[in-house]
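Please keep the sequence and the model in view while reading.

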2 protein chains.
Amino acid sequence: MKLTLVLLTLLTFSSQSAESESLWRTPDKENTLLLNLANGLVVIELAPEFAPNHVAHIKSLVRAGFYHQSKFYRVVDGFVAQAGPLEDPTESKTIAMEDSIKIDKQWPYTSVSKTDMFAAETGFKDGFAVALDADKSSAWLTHCPGTIALARETDKDSGTHHFYFVIGQAPRYLDRNMAIFGRVIYGMDNVQGIARTKDYKGDDIIAEKGFTDIVSFDVMADLPQKKQLTIEVERTDTDAFAKRLFNRANRTHPFFYHTPPAVLDVCQVQVHSRVAPVSK
Amino acid sequence: MKLTLVLLTLLTFSSQSAESESLWRTPDKENTLLLNLANGLVVIELAPEFAPNHVAHIKSLVRAGFYHQSKFYRVVDGFVAQAGPLEDPTESKTIAMEDSIKIDKQWPYTSVSKTDMFAAETGFKDGFAVALDADKSSAWLTHCPGTIALARETDKDSGTHHFYFVIGQAPRYLDRNMAIFGRVIYGMDNVQGIARTKDYKGDDIIAEKGFTDIVSFDVMADLPQKKQLTIEVERTDTDAFAKRLFNRANRTHPFFYHTPPAVLDVCQVQVHSRVAPVSK
């Protein structure tokens with residue numbers, strides 16, 4: 001089949017797949033969630049370094065089977081897919097905001113950009129797109145597509161159990177205002193396949209094609225071996241990854257007859273993952 | 001149903017729907033394409049101001065039934081969904097690049113940002129996200145999610161008939177390197193529902209769940225009245241739209257306890273559209 005272009009950006013990655021195994025890492029099963037939707041599997045890697053209490057909270061809810069029968073009841077194309085129970089429990093435990101972490105000059109990360117619109121600097125830490133303040137005293141997760149965060153009311157500490165995935169152009173204005181606690185490492189197409197909802201007259205939510213259900217939601221470590229997934233994620237602390245970033249920001253292929261500005265949007269960089277074929 | 005947040009951004013729009021009709025415009029049926037995919041309808045507004053020859057070219061192909069049996073054969077989640085015939089015609093007509101237009105100081109547009117990473121300025125023109133150079137002598141369409149452009153080989157004038165939709169975080173490095181000729185104004189969820197493909201060993205393309213087919217593709221003006229769609233698009237040249245942009249860049253709601261930077265990513269602004277219920 002004749003290939004027309006746009007695929008140039010993928011070539012670097014393809015050529016890496018034959019290289020050393022050390023370009024990949026295996027996420028901790030204790031911090032990996034398997035979310036089965038009606039339309040397919042989604043795998044989430046949690047971010048205990050950035051939101052330890054939220055990670056513990058979500059794992060506790062998942063392990064208690066809390067999300068059984070939850071639905072994606074607010075799904076706005078290009079923005080977020082939000083889920084939770086349609087009827088909240090009488091009393092719901094709230095959790096205090098975790099919007100950023102303190103870091104010091106030795107905090108390791110791979111820099112991406114110092115010309116970001118929303119932060120002094122962006123980069124990657126263990127696969128997560130991060131932002132840093134000007135004096136590098138704090139860092140936070142950015143609202144790139146595929147991040148998962150806790151929804152809340154106006155009070156910053158009012159989040160309970162409703163969560164959302166970012167499914168469109170990064171709503172970076174939410175950075176440091178919401179607690180991001182993980183990101184999708186597999187099945188983002190299934191997240192994009194979640195049925196969109198409509199709202200009319202204010203707050204009434206109407207599903208266009210029926211709400212997408214949560215069929216099952218588990219911490220991978222809790223599942224029997226045969227139900228676990230063998231998944232690896234591209235390391236973002238390697239020279240190869242740094243080189244990939246550099247090449248993306250400095251395109252020299254003649255395809256680009258207008259040389260793009262030497263900048264890189266951290267949310268436009270995809271960190272790759274690969275899954276061993278699932279046994280039947 | 002109790003609503004948890006993230007929906008703040010929608011309130012402005014919801015409250016507008018009761019307002020004057022002049023906030024909306026009806027796209028020209030001659031420049032509106034109806035693309036039926038196996039999983040639903042997609043409506044595209046063409047951009048003759050920016051790519052007149054590409055618009056004429058695509059309409060000519062659509063009217064000739066060229067895309068009958070075309071498939072989305074290269075679909076990379078978070079990047080692009082590319083379509084065309086699996087076997088190209090022996091001779092394919094190429095078309096010269098249209099990457100930008102000359103403008104003068106009187107060219108009307110609604111400014112969005114002068115702190116964009118990729119251009120001196122961004123804005124909107126007739127619903128399309130645009131970028132301008134520093135001396136405002138040229139303008140071009142940006143690769144926001146939902147844009148449709150012609151694929152090509154390395155030669156800038158090598159595009160024939162393969163096209164792609166942007167389905168992820170805006171690949172702005174492609175701006176002025178590709179000819180964008182339209183954007184999705186309805187059914188972006190169906191574009192996101194296009195089956196992703198995988199490639200192994202270089203150029204072999206493998207569909208994960210079967211290629212998504214083009215069922216039909218028409219210029220709306222050519223269809224009988226009952227098969228046309230009544231669609232309106234938010235005007236981007238109104239005070240109301242400019243105010244919406246301002247409010248998005250300057251958030252004062254107490255929900256944002258960390259005031260976001262007073263910036264706006266042009267690709268994160270959704271231009272709304274509304275469709276009259278389709279008669280059965």
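Over the face of which ring does R183(B) lie, and at what distance from the ring centre? In this predicted model, R183(B) lies over the face of F128(B), with 5.5 Å to the ring centre.

Over all chains, the structure holds 24 aromatic pairs. One of them joins F72(A) and F163(A) in an edge-to-face arrangement, with 6.1 Å from centre to centre and 85° between the planes. This pair links distant parts of chain A, since F72(A) belongs to strand 4 (residues 71-75) and F163(A) to strand 12 (residues 163-166), 91 residues apart. Both F72(A) and F163(A) are buried.

In chain B, the ring planes of F50(B) and W107(B) stand at 85° with the centres 6.1 Å apart, and the pair is therefore edge-to-face, as planes over 60 degrees apart count as such. Here too distant parts of the chain are linked: F50(B) is in the loop between strand 3 (40-46) and helix 2 (52-63), while W107(B) is in the loop between strand 6 (101-102) and strand 7 (110-113), 57 residues away. F50(B) is buried, and W107(B) is buried as well.

The two pairs are set out below.

| Pair | Centre to centre | Angle between planes |
|---|---|---|
| F72(A) and F163(A) | 6.1 Å | 85° |
| F50(B) and W107(B) | 6.1 Å | 85° |

Finally, F72(A) and F163(A) belong to one aromatic cluster together with F66(A), Y67(A), F165(A) and F217(A).

Notes:
Residues numbered from 1 in each chain as written. Chains lettered and ligands numbered in written order. Predicted model: local features only at pLDDT ≥ 70, side-chain atom pairs only at ≥ 80, totals over all residues. Heavy atoms only, no water. Phe/Tyr/Trp six-rings, centres within 6.5 Å; stacked < 30°, edge-to-face > 60°. Helix = DSSP H or I, 4+ residues; strand = E, 2+ residues; numbered from the N terminus. Buried < 20%, exposed > 50% of the residue type's maximum accessible area, 1.4 Å probe, protein only. Lys NZ or Arg CZ within 6 Å of the ring centre and 35° of its normal.
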